[in-house]
Amino acid sequence: MSKHTQDNIRNFCIIAHIDHGKSTLADRLLEYTKTIADKDLQDQVLDNMDLERERGITIKSHAIQMEYIYKGEKYILNLIDTPGHVDFSYEVSRSIAACEGALLIVDASQGIQAQTISNLYMAIEHKLAGVICIEDPLREEAKDVIKALKEAGISKVVMMTGDSERTARVIAEKVEYHAEVLPEEKAAFVEAEKAAGRKVIMIGDGINDSPALSAANVGVAISDGAEIAREIADVTIEADHLHGLVALKHISNSLMHRIHNNYRFIVGFNAGLIGAGVLGILQPTTSALLHNTSTLCIGLRSMKNLLPEEETE
């Protein structure tokens with residue numbers, strides 16, 4: 001291997017307490033560097049043991065090589081995804097020793113924990129490249145959107161997440177939530193709601209949301225979410241804000257209202273034409289003319305916007 005290639009190799013590891021987002025960061029790095037094709041992406045892609053995937057933890061250290069071009073030069077990035085549990089501190093220390101730098105992740109919603117401090121000291125002893133403090137904040141418009149959806153006829157709003165109970169409780173506040181939920185459990189919840197006679201709208205942007213998006217009556221994906229989620233969903237909305245969900249519900253309500261009105265008018269008007277024809281009040285040609293004229297009028301009226309102009313802007 002040439003000296004130039006050696007100079008462009010970077011070995012680093014990610015360390016964090018359990019459920020602080022370590023595997024998620026690894027997934028995003030693999031996605032960003034195109035190391036894994038979009039169709040093969042899944043959450044916790046480096047965790048290949050059943051227990052790891054079921055519990056959302058990393059038990060074994062995993063190494064993977066990524067390529068990244070920076071300012072015209074290709075760099076080789078060797079990533080070690082380390083265990084997060086305190087019982088695996090030896091494996092973490094060996095991983096740090098084998099690397100040129102380490103990234104320490106802290107989940108802002110869970111705060112500094114004992115294992116975080118232990119990992120920090122181990123990293124400082126070697127080469128700590130940086131500390132990343134992450135938080136998955138509630139969107140500013142979320143409360144207003146939930147309120148508007150309920151006013152528009154949504155009777156029940158539930159948050160389902162694979163995050164820990166503590167993280168989910170901080171985010172959800174007054175909304176019903178289910179934490180540490182696996183993908184198949186999300187789909188099972190949707191099926192249970194449908195079996196109870198409810199119409200279910202599932203909103204998701206991740207790979208783990210795909211089964212539930214498929215099972216729901218209507219699946220809604222976010223435009224910057226995982227590709228497979230967008231493919232499975234029935235509707236994709238822009239990720240800039242959630243007000244598109246409210247507009248979508250209003251469009252649905254207006255459309256059904258228009259359909260019902262048109263149906264009632266068609267049945268009533270045609271019944272009147274038939275009655276008038278039977279009684280000899282109208283000639284067949286006149287009935288046909290009135291029938292076709294009404295059909296044209298209904299079609300023209302149905303072409304009008306479903307929402308007022310102020311809502312579409």
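**A walk through a predicted 313-residue model**

Of the 313 residues of the protein, 34% count as buried, where buried means under 20% relative accessible area, exposed means over 50%, and partly exposed lies in between (1.4 Å probe, protein chains only). This is a predicted model: local features need pLDDT of at least 70, side-chain atom pairs count only at pLDDT 80 or more, and totals for chains, interfaces and linings use all residues. Residues are numbered from 1 along each chain as its sequence is written, and side-chain values use heavy atoms, with hydrogens and water left out.

Start with the overall layout. The protein has 13 helices and ten strands. Helices (H or I, at least four residues) and strands (E, at least two) are DSSP runs, numbered from the N terminus. A contact means heavy atoms within 4.5 Å. Take the contacts between residues at least 6 apart in sequence: 54% of them join residues at least 24 apart. The protein exposes about 18,900 Å². Carbon and sulfur atoms supply 56% of that area. Accessible areas come from the Shrake-Rupley method with a 1.4 Å probe; for residues, only the protein chains shown count as cover.

Now turn to helix H8. This helix covers residues 183-195, 13 residues in all. From its first C-alpha to its last, H8 reaches 19 Å, close to the 18 Å expected at 1.5 Å a residue. The expected span is 1.5 Å times one less than the number of residues. Lys186, Ala187, Val190 and Glu193 are buried in H8. They cover an arc of only 120 degrees around the axis, which puts them on the same side of H8. The arc is that of the directions from the helix axis to the C-beta atoms. An α-helix has 3.6 residues a turn, so residues three or four places apart point the same way.

What do the buried residues of H8 pack against? Their partners are strand S6 (158-160) and helix H9 (210-215). The face of H8 turned away from its buried side carries the exposed residues Glu184 and Ala195. H8 is followed by Gly197, whose phi is positive, near 95 degrees.

Glu193 deserves a stop of its own. This residue sits in helix H8. Glu193 counts as buried because its relative accessibility is 12%. Leaving out residues up to four places away in sequence, Glu193 touches Lys156, Arg198 and Val200. Two of these contacts involve salt bridges: Lys156 meets Glu193 at 3.3 Å, N to O, and Arg198 meets Glu193 at 2.9 Å, N to O. A salt bridge is a side-chain nitrogen of Lys or Arg within 4 Å of a carboxyl oxygen of Asp or Glu.

Lys156 is partly exposed, with a relative accessible area of 32%. Arg198 is partly exposed too, at 38%.

By this rule the count comes to four salt bridges. Another of them joins Glu67 to Lys74, with the closest N and O atoms 3.9 Å apart. Glu67 counts as partly exposed at 42% relative accessibility. Lys74 is partly exposed at 47%.

Next comes a piece of nonpolar surface. Ile201, Ile203 and Val218 make a nonpolar surface patch of about 210 Å². Patches are made of residues with over 30% relative accessible area and no salt bridge: like charges are joined within 9 Å, nonpolar side chains (Val, Leu, Ile, Met, Phe, Trp, Tyr) within 5 Å. Ile201 is in strand S8 (residues 201-204). Its relative accessible area is 45%, so Ile201 is partly exposed.

The last stop is helix H11. Ala247 lies in H11, which covers residues 243-278. Ala247 is partly exposed, with a relative accessible area of 25%. Which distances separate Ala247 and Leu307, in sequence and in space? They are 60 residues apart in sequence and 8.3 Å apart in space, C-alpha to C-alpha.

Arg258 also lies in helix H11. Arg258 counts as buried because its relative accessibility is 18%. Not counting residues up to four places away in sequence, Arg258 touches Arg301, Ser302, Met303, Lys304, Asn305 and Leu306.
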